[in-house]
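Please keep the sequence and the model in view while reading the numbered points.

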Amino acid sequence: QVQLVESGGGLVQPGDSLRLSCTASGINNRAVAWYRQAPGKQREFVARISITGVTSVANDLRGRFTISRDYAKNAVYLQIPSLKPEDTGVYYCNTFPPDTNNWGQGTQVTVSS
């Protein structure tokens with residue numbers, strides 16, 4: 001297992017931007033994905049990035065979210081340039097496919113006016 005640590009969430013207004021971070025020792029050797037869980041809903045896939053940097057974003061989020069990685073910093077990022085209220089939820093990173101026994105606490109994103 002890789003211990004993944006999410007950070008970067010917060011309370012923001014619609015239209016604000018956030019960059020969420022996922023860091024872990026050994027992360028560079030894994031495909032990584034971001035997931036989110038809105039209140040009252042199941043966890044859903046957001047975006048993934050391969051070991052070599054090939055990316056894929058969920059169809060309904062394509063053009064809004066960008067996933068990237070920085071090998072020197074052992075980090076995977078999720079850039080959200082313009083947040084909407086419906087983006088509110090807990091954002092998690094995990095391997096792809098996910099290790100169901102390795103969900104962390106995530107980072108809370110709250111978008112409200």
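The points below go from the chain as a whole to individual strands and residues.

1. Basis of the note. This is a predicted model, in which residues are numbered from 1 along each chain as its sequence is written. Local features need pLDDT of at least 70 and side-chain atom pairs count only at pLDDT 80 or more, while totals for chains, interfaces and linings use all residues; side-chain values use heavy atoms, with hydrogens and water left out.

2. Secondary structure. The chain has 10 strands and zero helices, and its pattern along the sequence is β-β-β-β-β-β-β-β-β-β. Both kinds of element are DSSP runs, numbered from the N terminus: helices are H or I with at least four residues, and strands are E with at least two.

3. Overall dimensions. The radius of gyration of the chain is 13 Å, which agrees with the value near 13 Å for a compact globule of 113 residues. The radius is taken over C-alpha atoms, and the globule rule is 2.2 Å times the number of residues to the power 0.38. Along the principal axes, the C-alpha atoms fill a box of roughly 40 × 25 × 25 Å.

4. Of the 113 residues, 42% are buried; buried means under 20% relative accessible area, exposed over 50%, and partly exposed in between, with a 1.4 Å probe and protein chains only. Among contacts with a separation of 6 or more, 53% join residues 24 or more positions apart. A contact means heavy atoms within 4.5 Å.

5. Surface and charge. The chain has 11 positive and 8 negative charges, and their mean positions are 4 Å apart. Lys and Arg count as positive and Asp and Glu as negative, whereas His and the chain ends are not counted; each charge is placed at NZ of Lys, CZ of Arg, CG of Asp or CD of Glu.

6. Ser68. At 32% relative accessibility, Ser68 counts as partly exposed. Leaving aside neighbours within four places in sequence, Ser68 is in contact with Ile49, Ala75, Val76 and Tyr77. Ile49 is 19 residues away from Ser68 in sequence, yet their C-alpha atoms are 7.0 Å apart in space.

7. The S7–S8 hairpin. S7 and S8 (residues 75–80) pair in the antiparallel sense over five bridges; two strands pair if DSSP finds at least two bridges between them. Four residues separate the two strands of this hairpin. Asn74, in the loop between S7 and S8, has a positive phi of about 50 degrees although it is not a glycine. At 30% relative accessibility, Asn74 counts as partly exposed.

8. Strand S8 and its partners. Five of the six residues of S8 are buried. S8 also pairs with strand S3 (residues 18–23) in the antiparallel sense, over six bridges. Val76 of S8 is the bridge partner of Arg69 and likewise of Cys22.

9. Strand S9 and its partners. Seven of the seven residues of S9 (residues 89–95) are buried. Strand S4 (residues 32–37) pairs with S9 in the antiparallel sense over six bridges, and Gln37 stands opposite Val90 in S9. S9 and strand S10 (residues 107–111) run antiparallel and are joined by three bridges; the partner of Gly89 in S10 is Val109.

10. A cis peptide bond. Where does Pro97 lie? Pro97 is in the loop between S9 and S10. The peptide bond from Phe96 to Pro97 is cis, with omega near -5 degrees.
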